[in-house]
Amino acid sequence: MTKLNLIGGQWTAGTSAKANTNPSDISDVIGEFADADQTLVDQAVAAARDGQTAWQAMGIQARCDVLDRVGNTILARKDELGELLAREEGKILPEATGEVVRAGQIFKFFAGEVLRQSGELTDSVRPGIEVSVTRHAVGVVALITPWNFPIAIPAWKIAPALAWGNAVILKPAELVPGSAHALAEILVEAGLPDGAFNLVMGPGSVIGQALSDHAGVDSISFTGSVGTGQKVAQAALASGKKFQLEMGGKNPLVVLDDANLDLAVECAANGAFYSTGQRCTASSRLVVTDGIHDAFVEALAERTRTLRVGPALAPDSQVGPVIDRAQLEKNLSYIEIAKAEGASLAAGGNTVACETEGFFLQPALFCETDNAMRINQEEVFGPVASVIRVKDFEDALSIANDTGFGLSSGIMTGSLKYATEFRRRAEAGMVMVNAPTAGVDYHVPFGGMKGSSYGPREQGALAREFYSTVRTGYVNWAA
Ligand code: ADP
């Protein structure tokens, strides 16, 4: 049975539907999912307007309770949702289940945030007048999400949006509607009023663009590629809405001579290749000083060659498939570009045959690369990493910062001086010491500098900066 859009509390068919296939086994169809169209987007916006009023009127205890129920349900159903996620996205089952747990925890965190209301009451500079500063819902919020975290990214946008009393319209990525649809069912069951949460599925160029252009949407939060982010920004500006963008990364992991070699190799393999390298925080540039360079490359190449690539649900798989054929071809073309630029392939980079037909790629490690190469400047978004040899800390820091992105940045060192200096001078929104560049907490801000992000941070208490607006009130009490 086709899974439908959710508009104003009604499950609604579209004009067409698409099959959702498993990248570990292309003969496995997870389901058919309805596409929305412009008319349904208009209906969703109108329904959200009414839903927002109803949701806001329920008050903060009811909002807290609903979000808490959503979190509890996700956690109780983690195994089943994790399997669905692994099937549609391709990350291995432990990673997929971990992502589901994170989504549950996010809802529970924002359930608590609903009650942590605060404001200011102060004197005016004019005698006899009192001033209040309070936070309020923005209104109707559209959320556009990518395929690499099919439940966690929707969760970290939906939960704060609802916590602050907004209504939501979610447009999930075309490749992973299953987790978003399951989340929509959980939200409905938890007791949201009709229209407070709406799901519109379908192609980004149509549905995502329609939401970005829509005058009835008050603000839009987007995670995806730089090019699409620019389109969303232009449309948001033209239609006068607030916007927030999370885009790519080209995250460096610096390895200094005094690093613990085993830990450095583990953090590099994890950061570069886990989740099939399909994380915006992936360590795609490994910036390594001369003294440890050769030992590091040798050990990481061995680790890369022996990573077991296989179906997401197979218990011995360590790296799942790439999301789809187009992304696999993109990865392979970057591998050819790197070779043509003179990089040397130290390990992997070949497709892998498994029992089922899927998009399996042995992670690729390049060495002898230069930071100016395309492989080090453009985001591949796959299990491809390159080593850049540098002479010392200053050289490493300047190469690490020499990128248009600024999401995450890491350093492996035993030196307090260099660790501290790196944390202070790295041009990135998230800085890691002796830890992978990927893998972050849910209760603190997430986001980057430079071309990686635009607007206020996501997640943690700071999420309120985007999902609420401030009202300043004046009372002439002496009147
Ligand atoms: P990727 O290349 O990783 O799929 P995209 O940036 O294209 O990244 O996709 C991220 C999200 O943006 C998806 O939900 C996609 O459907 C949506 N999208 C694609 N094109 C547009 C557009 N023109 N306007 C708004 N959203 C879009």
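Guide: A residue is termed buried under 20% relative accessible area, exposed over 50%, and partly exposed in between, with a 1.4 Å probe and protein chains only. The model is predicted, so local features need pLDDT of at least 70 and side-chain atom pairs count only at pLDDT 80 or more, while totals for chains, interfaces and linings use all residues. Residues are numbered from 1 along each chain as its sequence is written, and side-chain values use heavy atoms, with hydrogens and water left out.

Seven aromatic pairs are found in a search of the whole structure. Rings of Phe, Tyr and Trp (its six-membered ring) pair if their centres lie within 6.5 Å; planes under 30 degrees apart count as stacked, over 60 as edge-to-face and the rest as tilted. One of the pairs joins Phe109 and Tyr442: the ring centres are 6.5 Å apart and the planes stand at 80°, so the arrangement is edge-to-face. Distant parts of the chain are linked by this pair, 333 residues apart. Phe109 belongs to helix H4 (residues 93-115), whereas Tyr442 lies in the loop between strand E18 (430-433) and strand E19 (453-454). Helices (H or I, at least four residues) and strands (E, at least two) are DSSP runs, numbered from the N terminus.

With a relative accessible area of 17%, Phe109 is buried; Tyr442, at 26%, is partly exposed. Together with Phe110, Phe109 and Tyr442 form one aromatic cluster.

Another edge-to-face pair consists of Phe466 and Tyr467, with 5.0 Å from centre to centre and 85° between the planes. Phe466 counts as buried, at 1% relative accessibility, and Tyr467 likewise counts as buried at 1%.

Phe466 also has a charge over its ring: Lys242 lies over the face, at 5.4 Å from the ring centre. The criterion is that NZ of Lys or CZ of Arg is within 6 Å of the ring centre and within 35 degrees of the ring normal. Lys91 is placed over the face of Phe149, at 3.8 Å from the ring centre.
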